[in-house]
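Please examine the model shown below.

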Amino acid sequence: MAKTATTTRSHAPAPLAPSPSMPGVLRLIWHERQISRADIARHTGLSRSTVSEIVSELLPTGLLAEVGVGASSGGRRPIVLQFQDDALGVIGVDVGAAHVSVAVTDLRGQVLAWESRSHAVRTDPTGTIALMTELTTRCVRAWGRKPERLLGIGVAVPSPVDLTRPDELCDVILPAWRGVAVGAALRKRFRVPVLIDNDANLAALAERWWGVGQGIDEAAYIKIATGVGAGHIIGGRIHRGARGLAGEIGHLAIDPRGAECVCGLRGCLTTLVGAQALATRAQALAPAYPDTQLTKAGFTLSAIEDAALAGDPLALRVVDEAADHLGIAIANLLNLLNPAIVIIGGSIARLGEVLLAPLRRAVDRRTLITSVRAARIVTSSLGAQAVAVGAATMMLERAFTDPTLFPTAATGQ
C-alpha cells in the first residue's frame, strides 16, 4: 500500500474516531448511494444501535445526508441516507515523462476540473514540482471550493515506487530526481495527505473502479508512452510486490542483443515499443516509403498514430511491428498471471483496432491454453485522464480503509 506522510490540516477540527465497523458501513453506503439504517444493519449484521452510532458520527462530516423517508415494511417508515458525492474534492496528479496533468474529482471519480501541460519532467525536477503546484492551485480555483474541502492528493509518477520511501523516485530511471522529494511541496502548500504510486498501477486502479475493468478482479493495464509500464490487479487489489516494484514490464528482455535501455540493460520492451523507439524505427524505414505523410508531419509518436489512423503504409508497418513485440510480452503475462482482461493505455490506445487486431494475432500465436487465449485485450475507456483519476482514486480508496482521513466538518465551501 502506498504511504502518506503525516500532515496537519489547516483549521482542522478533531478527527473522526472510527469504530472497527465504520469503514465497512461507509463503503456500503457509498456503494448503495441511498440506504436506510435498517438496511445497513441487515447487510452488515450489525445491531441497529451500532449502525445508528456510526451514522451519527458520519453525518457531521457531510459525507452523508438524510434525504427523506423510504417504504415501510410494517413499522415506522425509515429515514433514507444518501452518500454525498460532492462533499469533498480529491486531487489526482499525473506526472508523466513529458507532461504534468492534474484533476479534481468528486467522490465518485467524476472530473470537475482539469489542467495539463507539456514539460521536460525527466530532466527538470525543480520546474516539474513548481508546475505540479501551479496546476493544482489552478484546478482548486476552478473547482470553486476551499482547500479545506480536499480529501487529499494522489500523485502518479513514471517510476517504480519503493513503498518504504515513496517520495524518492528511482534514480536509475530518473537520475535528475536523485534526492528530490516529489510530494513535499504539495504537502506544504495544501496541508492535506499526499500519496504517491506508479502511474501504471494507478491507471489500473482507475479502470478497476470506473472504467472497462469494473467488477473484474484479475486484470492488467499496460501503459505505452515514453516508457512502458504495467499495473496488475490481483484479487481486486493492486499487486505491488514485496516493496512496490512489481509491474515493470517495460524492462522485460525481448531481445538480449538489442538496443541499450535507460535502465542499463539491453533489448527491453521499452526499446522496441516506447515513443522514441517507434519514432526511430519509422525514420529508419522512411526511405522505403517515399510517399509517407510522416516526412512532412515529423517522426513523433503522435504523428505516427495520426498517420496509422489515416492508413499510411509506413505508420501501419511500425504499428504492426510494435504489436508483435508487445504481443510477446502480453503472451508471457497471460501465461504467468492469467488475467481476465488486458487494458492498453497511453496515447497509443487511440489507435483502437489498428493496434489491437495485430496485437491479438501476435498473442494468439504465442499462447497455448484456450482459457489464456480467451482473455480480452482492449483499450482504455478513460483515455488521457486515466492516470490522474487513478491517483485521486488511490486517495479515496485509502480513506475508505482509514476514515480518519476524512475531514470531520464542513469547514467551508
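The following paragraphs discuss nonpolar cores, helix packing and backbone torsions in turn. The model is predicted.

In soluble globular proteins, nonpolar side chains tend to be buried together. Here the largest nonpolar core has 52 residues, and the members that touch the most others are Ile40, Phe83, Leu107, Leu151 and Phe406. Helix 14, spanning residues 386-401, supplies the largest share of this core, with ten residues.

Beyond its neighbours within four places in sequence, Phe83 is in contact with residues including Leu26, Ile29, Trp30 and Arg33. Its other contacts include Leu63, Leu64, Leu107, Arg108 and Phe400.

Two packed helices are described by the angle between their axes and the distance between the axes. For helix 1 (residues 22-32) and helix 3 (residues 48-58), the axes come within 10 Å and cross at roughly 75°. Because angles of 65 to 115 degrees count as roughly perpendicular, helix 1 is roughly perpendicular to helix 3. Helix 1 contributes Met22, Val25 and Leu26 to the contact, while helix 3 contributes Ile54, Glu57 and Leu58. These residues divide into five nonpolar, no polar and one charged.

The loop between helix 1 and strand 1 (34-36) contains Arg33. Although Arg33 is not a glycine, its phi is positive, at about 70°. Arg33 counts as partly exposed, with 46% relative accessibility. Arg191, in the loop between helix 5 (184-190) and strand 8 (194-198), is likewise not a glycine and has a positive phi of about 50°. With a relative accessible area of 36%, Arg191 is partly exposed.

Terms used
Residues numbered from 1 in each chain as written. Predicted model: local features only at pLDDT ≥ 70, side-chain atom pairs only at ≥ 80, totals over all residues. Heavy atoms only, no water. Core = buried A, V, L, I, M, F, W, Y, C linked by side-chain atoms within 4.5 Å. Buried < 20%, exposed > 50% of the residue type's maximum accessible area, 1.4 Å probe, protein only. Helix = DSSP H or I, 4+ residues; strand = E, 2+ residues; numbered from the N terminus. Contact = heavy atoms within 4.5 Å. Axes fitted to C-alpha atoms, helices over the stretch in contact; angles between N-to-C directions. Parallel < 35°, antiparallel > 145°, perpendicular 65-115°, else oblique. Nonpolar A, V, L, I, M, F, W, Y, C, P; charged D, E, K, R; others polar.
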